[in-house]
Amino acid sequence: MIRFENVSVTYDGVPEPAVHDVDFEVPEGELVLLVGPSGVGKSTILGAVSGLVPHFTGGTLHGRVTVAGRDTRTHKPRELADVVGTVGQDPLSHFVTDTVEDELAYGMESLGLAPDVMRRRVEETLDLLGLADLRHRPISTLSGGQQQRVAIGSVLTPHPRVLVLDEPTSALDPVAAEEVLAVLQRLVHDLGTTVLMAEHRLERVIQYADQVALLPGPGERPWLGTPAEVMAVSPVYPPVVDLGRLADWSPLPLTVRDARRKAAPLRTRLAHHEPPQQHDPTPPPPTRRLFKRTKPDHAMTTAPVAEVRSLAVRRDRVQALRDVDLTVTPGETIALMGRNGAGKSTLLSALVGLVAPASGSVRTGDAIPHRTRPRDLVRRVGLVPQEPRDLLYADTVAAECAAADRDAEAPPGTCRALLTELLPSVADDTHPRDLSEGQRLTLALAVVLTARPPLLLLDEPTRGLDYAAKARLVKILRGLASEGHAIVMATHDVELAAELAHRVVLLAEGEVIADGPSAEVVVASPSFAPQVAKILAPQHWLTVSQVREALR
Amino acid sequence: MGEGGRSGTLTAPESAPTPAQPQRPRTQLHPGAWWLWALALGTAATRTTNPLLLALLVTTSAYVVATRRPHAPWSRSYGAFVKLALAVLLIRLAFAVVLGSPIPGTHTVLTLPEVPLPDWAQGIRLGGRVTAEALAFALYDALRLATLLICVGAANALANPSRLLKSLPGALYELGVAVVVALTFAPHLIADAQRLRAARRLRGRPDKGVRGLLHVGLPVLEGALERSVALAAAMDARGYGRTAEVPPAVRRTTAALTLGGLLGVCAGTYGLLTAEGGTYGVPVLLAGLAAALAGLRLGGRRTLRTRYRPDPWDARAWLVTASGVAVAALLTLAASRDPAALHPGVVPLVAPTLPLWPAAAVLIGLLPAFVTPAPASTRKEPTT
């Protein structure tokens, strides 16, 4: 269905080809997953399928890409629109119209399908993706998962034979991600659609793949094989594979279910080991507090760096938070979890004073955030936003660091020293835009840390990071926590929460529904439990590194 | 092309749920009907200066907006139009107070100190006597303009602008898309600017004031540019701009018709406006228009676009349009039959009275509130 024949792509002004000598074939009706570290050219390969590379992006393509028999050299993207459907990373930049139904019809209108055919397919697609209740809704009022489903639906209606998806679940919470993946699986099974998909969060998608194309490094040839074969050698792998490699399971399990079947011996070996408690700087709460609101009843040994009392926030006539209590003590790492739109980002914004409370109170240290001058607040609390690029204005890394020193009134060189510590390889004259996703996050982190805030907030820090970048981030954050920084992060990434957090706070519809030690909270919830916890339940192991420690 | 032939390759499996009808079929009124209704009310407003009638017109349109406005982002523009109308009212009154007015009056309300002006500014007065007559005249006059503005605002709030643009002929479709994309970009720009100002606060810089706004300008534009490039890629990949093969003869005819038609329209208009062109003006204009329309229609052949569920122009659309036109026609009639009631005297100052049958005519404009479907209530889904 999709054939790459000795394809290399070189972008203008770049000496090295982005991908080199790509040669593989995706058979009809298969779901093929494209995996590899950041920057190996996954997006380039996906773009070459829809013809956007090189017709839209520029650059030179050697070799030949054929999709359903059509050569992309002679067919422009618009002439491939009836066989290839493409959904990019950000669904919002994909929408042309403003309501769900019109968006589903847009592609068919461009292809000139007859009105009765369009009508029938819109209805079918609405049902297939579970969007029937949302058909008249303006797209801007939908949640992230719903938007992603609309984006997929909008390319499905022309009945493409190939679907190309670039990180379809990276912005979604675990439940919404499963919804989207279930839809994809249904397309492959019921309609015989061929799917080529790139995704960093392998733990979510690997079990759906028929084949995996691995791009091991920049400029290296991709390698196509069954998921188990590829995962045995891949530099990127989900925790279930990591655990399988550790326990020498063969064939390598890819799903929690397969792993559980093989895990009985491992569980017995681990039975007389105690899972290490994430070191909690405060004495653990005396009673089980799951599904109860936090009460500040236990005696504080240290002054909290942040205190939230029955906080309510309204945003755009929506009650974003109601009656939230949260106490953050120094050295503590808290993961805020919950659906898209549960109020995680709003709570972080309230902690840095970006939104004013409708009722209740917020204090960070000795300050009331929304009444404090920004200049003074940066020394108490720092937030790395979802899009770290928002924080960066300057043309070069050096200028950015100098500006950060001035903003924080820190001695010159503070920020650069921090950055060198966190990210030794980055040069002074690089433009922040040219950094990779992970490097940009680290730069933003260094900028925020220049003012040495005792409380550090992170909003979705692992979005778009590969496993290596994520491991580096975990190391950095662990170091900061052991220095006494309190960290609060909003995240959909259950594995990150399991690695780092002492405490997990679950939010739903703006209310705290659970607050307790990570092991307790995440294990109790099927959607928020990390893979290792699911495999080794009822034992309370959360991460592969814990197991590795115990077996040593 | 197409005609269902394309549906062959992949069809939904038999097991897929049959296309279920939603709770209620879409029963949106044609957006053109709303615009005609609102513009007709605006026309009616220009026929009178009676503040009571104008207030009745505003109330009528406001009632329809209140009951029939959909819960969508574009419908929030009504408030902005009402504010604009108020601003027009206040500015007009302020001018009447400060600059005076040629209306002679006897009822002095207050006397401002008059600023002596040099000879060359003769005819302009600053300050001086402010009479009740002048104020009333300015108020009536401004109220008329404000009513017109509010009527336009009502059309904006009731009809989705992008659906109106969808009703454009095929040849103008690409132009329509450009406008729609531009319309959806403005809210994105505002959201970007807000986000970046918030980010300035995170850097410890003041987020208020003009400087804060200036500093985020460049990143906002950068973001908008990136977004438009991404959108262009998405649209291209979804088949935007696919064209059908058209024989060269048709292409040439299209070009000739469109160009000739536009030239004809220009010449005809010129003829109408000049004194000596009275004879050939109208026929040339009409011929030009016809040629241009034929060109547009022929040009539509090049686009193979079809339209999904176009809003039908149904009986309700006729009713809504007719109710607006009736108001306009009856007020025009009233203005010629009974000018005194529709233009209450300012000199001498008399209290305006509500003429009975023109007032009843204005109430016809309420008809859409009863014949059109109520908007579906939507609540905002939580978003991150």
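# Strands, helices and a chain contact

In chain A, strand β3 (residues 31-35) runs parallel to strand β8 (residues 194-198), and four bridges join the two. The model is predicted.

**Strand β3 of chain A**

- A:Val32 of this strand stands opposite A:Leu196 in β8(A).
- β3(A) also pairs with strand β9 (residues 211-214) of chain A. That pairing is parallel and has four bridges.
- There, A:Leu34 has A:Ala213 of β9(A) as its bridge partner.
- Is β3(A) mostly covered or uncovered? It is mostly covered: five of its five residues are buried.
- Both faces are covered. A:Leu31, A:Leu33 and A:Val35 are buried on one side. A:Val32 and A:Leu34 are buried on the other.

**The open sheet of chain A**

- Four strands of chain A make an open sheet, ordered β2-β1-β4-β5, with antiparallel pairing.
- β2 (19-26) and β5 (70-71) of chain A stand at the edges. Each has a single partner strand, so one side of each lacks a neighbour in the sheet.
- Strand β1 (residues 2-10) of chain A pairs with β2(A) in the antiparallel sense, over five bridges.
- In this pairing, A:Arg3 stands opposite A:Glu25 of β2(A).

**Where chain A touches chain B**

- How many residues of chain A are in contact with chain B? There are 71, and they contact 58 residues of chain B.
- Several helices of chain A each supply at least two residues to this side: α3 (100-111), α4 (115-128), α5 (144-156), α6 (174-191), α13 (374-377) and α14 (397-408).
- The largest share comes from α4(A), with 10 residues.
- By class, the side of chain A that touches chain B has 32 nonpolar, 20 polar and 19 charged residues.

**A helix pair in chain B**

- Two packed helices are described by the angle between their axes and the distance between the axes.
- Helix α1 (residues 31-46) and helix α2 (residues 51-68) of chain B pack at an angle of about 170°. Their axes are 10 Å apart.
- From α1(B), the contact uses B:Ala38, B:Leu41, B:Ala44 and B:Ala45. From α2(B), it uses B:Leu54, B:Leu57 and B:Ser61.
- The contact of α1(B) with α2(B) has six nonpolar residues, one polar residue and no charged residues.

Conventions. Residues numbered from 1 in each chain as written. Chains lettered and ligands numbered in written order. Predicted model: local features only at pLDDT ≥ 70, side-chain atom pairs only at ≥ 80, totals over all residues. Buried ≥ 20, exposed ≤ 12 C-beta atoms within 10 Å, placed from the backbone. Pairing = 2+ DSSP bridges. Contact = placed C-beta atoms within 7 Å. Nonpolar A, V, L, I, M, F, W, Y, C, P; charged D, E, K, R; others polar. Axes fitted to C-alpha atoms, helices over the stretch in contact; angles between N-to-C directions.
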